[in-house]
Amino acid sequence: MGAGFASYQNLGNILPANHPVLRNRLVLGVDPGNAVQDILRAREETSGNAANMWPKDKQDIKLTLEKFDPLQIEWELSSIGGRSDDQVIVMQPGYEYLLEALLQIRPVYAEDVWENGKIERWERQVVSTAASRTPLTDPREAHQVIVRYHLQYDPLIRAQTFRKSYTMHDFAKALGALAGYFVFGVMILNCLFRIKLRQNVPMQAAPGATDMVEYTSK
């Protein structure tokens, strides 16, 4: 019995009634849960030497990760029978579709004037994309559609570090903090000096009082 009958078993070998449609939407982002665990695990395994530019607190790490904006990748699809504006491909059975992209992911760090660094965000961009379609050579796959994504990260990209400008406001804050520490230190030294001075001054008899003298008979 052929296709169309209820008892036909080889449904995987027949062509689909309609062309399959791929709605192509690919977005790369950070998974906060896994990222936090990776950072904490790296610190634990290296005694704090790794991931030392991330915040110390777990919640602060999550807030930093929120600055890592996602990256959406789009392809020019008209050459393989798709619509680039909608990122939709009407696929033909018996073909393999390959979607390739070269990406740049760069971590960005910030340093203050004391050269204390911390991670701020990432910069990301799509350098190039390519879409191709090739027929499947195996006759047994004539009814199938294969879609492959090949994402490559630029190996030559390097981290970027920038130093924040030291404004008058920052100077005033630093100067105010330094003055506070200085005043606090002077107060502590003054208290210690007064305590030591009291310990070194001998006790004197009050006016009109008579010192008691002990005589011993021989």
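Glutamine 87 is buried, with a relative accessible area of 5%; buried means under 20% relative accessible area, exposed over 50%, and partly exposed in between (1.4 Å probe, protein chains only). Glutamine 87 sits in the loop between S4 and S5, and although it is not a glycine, it has a positive phi of about 55 degrees. Helices (H or I, at least four residues) and strands (E, at least two) are DSSP runs, numbered from the N terminus.

A word on the source: this is a predicted model, in which local features need pLDDT of at least 70, side-chain atom pairs count only at pLDDT 80 or more, and totals for chains, interfaces and linings use all residues. Residues are numbered from 1 along each chain as its sequence is written, and side-chain values use heavy atoms, with hydrogens and water left out.

Alanine 51 also has a positive phi of about 55 degrees without being a glycine.

Arginine 83 has valine 88 in S5 as its bridge partner. Both strands belong to an open sheet of 3 strands, with the order S1-S5-S4 and antiparallel pairing. Strand S1 (21–23) and strand S4 (82–83) stand at the edges with a single partner strand each, so one side of each has no neighbour in the sheet.

Helix H2 (residues 58–65) has Ile61, Thr64 and Leu65 as its buried residues. Seen down the axis of H2, these fall within an arc of 100 degrees, so they line one face of the helix; the arc is that of the directions from the helix axis to the C-beta atoms. Their cover includes helix H1 (32–45) and strand S7 (117–135).

What about the chain as a whole? The protein chain has 3 helices and 9 strands, and 19% of its 218 residues count as buried. Among contacts (heavy atoms within 4.5 Å) between residues at least 6 apart in sequence, 71% join residues at least 24 apart.

Finally, leucine 189 lies in helix H3 (residues 168–200) and is exposed, with a relative accessible area of 59%.

Definitions and conventions. Two strands pair if DSSP finds at least two bridges between them.
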